Amino acid sequence: LSGRVSALKSGKISIYFRYPFKWEGNQYWFSCGTFPKLDLSKIRENRDWAKQQIALGINPCLEKKAKSIRHKQEQQNVIQLDEKEKARSLTFNDMVQDWLQHGVERQNDNQTLRDSFNRHVIPVVGNIKVCDLTPQTLRPVFEKIKATATNTQPKDRTVQKTHGELQQLFEWALGINRWQKLLDHQNPLNQVKIRIFTSQNYQDFRERVLSDSEIVELFNCIEKEKSAYQTETNKRNSKKALNPKIEIAIWLCLSTMCRIGELMQAEWNEIDLFKATWMIPVEKMKKTNKSMKAHTVYLSPFALEKFKLLKELAGNSKWCFPSSKNIHEPISSGVYSKVIGDRQIMFKGRTKQSSQRRHDNTLVVGNQDWTLHDLRRTGATLMQQLEVSPDIIDLCQNHEIRTKVRRAYQQYEYSDQKKDAWDKLGAYLESILPKT
């Protein structure tokens with residue numbers, strides 16, 4: 001052994017030991033360790049191992065390096081095996097949470113989508129490993145939904161909506177490497193025949209449009225409620241009229257053709273009562289592509305008057321529709337929809353009714369239920385009736401109708417045409433609705 005003595009800053013010494021040997025005519029030095037970090041017996045043991053390797057015709061320096069490489073490879077293999085085992089233990093719920101956080105962007109931080117999965121999907125398949133997902137494991141999701149169907153509520157729309165959401169999830173997952181591998185590059189939903197879970201005559205789109213007479217009837221229903229409540233002597237025990245904010249939301253959905261989620265997220269700094277405009281930021285819109293721009297709604301005198309009434313009711317909140325529990329937060333987009341649904345109970349087929357909510361038929365018009373989103377379709381149909389160009393109607397609804405090339409080269413916003421279309425719609429509503 002050959003030792004090289006070094007003085008340390010601490011005042012102590014260390015000795016670096018090497019073993020010299022000849023190999024193929026060249027001088028080599030095999031490192032045996034440093035004393036006192038290693039005991040002398042261990043250093044001699046390393047020297048003896050080098051001698052043994054030489055006797056076997058093996059260069060100990062190269063063998064030591066190769067041994068280190070093999071050890072690193074073994075470590076890496078163990079780590080990779082552990083990662084694979086962890087990956088294989090990932091559940092469907094893990095994939096959903098990853099998608100909600102990184103793969104999809106909807107209004108209200110994906111809360112509506114999250115609620116839908118938590119209600120219909122997660123309880124059924126949430127704990128199943130992604131690598132174990134098959135058509136057989138997914139079918140119970142739709143079977144469970146269908147099991148709650150009634151004659152008046154066949155749950156066809158819920159089945160179709162859940163299927164569409166799952167399809168979006170799997171399409172995203174197949175583009176992400178780790179989920180793609182766990183799914184074995186296949187979409188298990190493709191082999192689930194959704195038609196067996198829906199009614200034979202079901203259409204996967206809704207066509208409800210309120211006629212002029214139904215719009216007038218709706219107006220009269222609301223006014224009748226208000227009049228009845230005002231004449232009640234014991235208002236504490238009588239049924240209250242429809243919340244004025246909900247009434248305003250109804251007429252704004254119809255006259256602006258906005259989405260209810262966009263309306264519930266509206267802030268007063270986005271509303272210009274002097275210029276009669278409502279600017280909807282991109283982050284509050286339904287996302288269809290990354291090139292979308294903020295959408296400006298040109299308020300007709302009819303819609304502008306509704307916003308002015310709303311301003312008086314909103315108080316000091318920055319939100320046009322603040323939560324009743326916290327004025328610093330907007331109301332959930334589902335609250336008003338539930339209220340309107342509860343007042344059309346004849347179409348719901350509910351076996352249980354909450355004692356905390358009102359259930360009657362005071363907002364029933366026609367022989368089919370209506371929703372706030374139906375008012376968006378109704379407004380578009382009225383514009384069509386008023387001979388507004390279909391392209392302008394699509395732009396007023398903030399539908400993406402242009403190709404990528406047209407989007408890049410045709411930048412004209414059709415502001416005047418859109419304003420004229422909204423004004424025509426507002427004027428028509430004023431002409432058919434009774435004066436109060």
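Colleague: Which residues line the largest cavity?

Modeller: This is a predicted model, in which local features need pLDDT of at least 70 and side-chain atom pairs count only at pLDDT 80 or more, while totals for chains, interfaces and linings use all residues. Residues are numbered from 1 along each chain as its sequence is written, and side-chain values use heavy atoms, with hydrogens and water left out. On a 1 Å grid over the protein atoms alone, a cavity is a set of points where a 1.4 Å probe fits but cannot get out, and lining residues have an atom within 4 Å of a point. The lining consists of Thr 256, Met 257, Cys 258, Arg 259, Glu 262, His 295, Val 297, Arg 376, Cys 396, Gln 397 and Asn 398.

Colleague: How much space lies in the largest cavity?

Modeller: The count of cavities of 30 Å³ or more is 1. Grid points are joined across faces, edges and corners, and a volume is the space filled by probe spheres set on the points. For the largest cavity this gives about 40 Å³.

Colleague: How many charged residues does the lining of the largest cavity have?

Modeller: Asp, Glu, Lys and Arg count as charged; Ala, Val, Leu, Ile, Met, Phe, Trp, Tyr, Cys and Pro count as nonpolar, and the others, Gly among them, as polar. The lining has 4 nonpolar and 4 polar residues, and its charged residues number 3.

Colleague: Which helix gives the largest share of the lining of the second largest pocket?

Modeller: This pocket (an open set of points with protein on both sides within 12 Å along at least five of seven lines) has a volume of about 730 Å³. Of its 23 lining residues, Asn 243, Ile 246, Val 335, Tyr 336 and Val 339 are the closest to its centre. Two or more residues each come from helix H9 (212–231), H10 and H13, helices being DSSP runs of H or I with at least four residues, numbered from the N terminus. The largest share, 5 residues, comes from H13.

Colleague: Which residues of helix H13 are buried?

Modeller: Buried means under 20% relative accessible area, with a 1.4 Å probe and protein chains only. The cover over the buried residues of H13 includes helix H10 (244–256), helix H11 (260–264) and helix H14 (372–385). In H13, residues 333–342, the buried ones are Tyr 336, Ile 340, Gly 341 and Asp 342.

Colleague: What angle does the direction of helix H1 make with that of E3?

Modeller: An open antiparallel sheet has the strand order E1-E2-E3, a strand being a DSSP run of E with at least two residues. Its edge strands are E1 (2–7) and E3 (26–35), and neighbouring strands are turned by 25 degrees against each other on average, direction ignored. Helix H1 (residues 40–55) packs on this sheet and touches E2 and E3, where contact means heavy atoms within 4.5 Å. Between N-to-C directions of axes fitted to C-alpha atoms, on a scale from 0 to 180 degrees, H1 and E3 make about 155 degrees.

Colleague: Which residue of E6 is the bridge partner of Thr 277?

Modeller: A second open sheet has the order E4-E5-E6 with antiparallel pairing, and its edge strands are E4 (271–272) and E6 (295–298). Strands pair if DSSP finds at least two bridges between them; E5 (residues 277–280) and E6 are joined by 4. Within E6, Thr 296 is the partner of Met 279. The partner of Thr 277 is Tyr 298.

Terms used
Buried means under 20% relative accessible area, exposed over 50%, partly exposed in between (1.4 Å probe, protein chains only).
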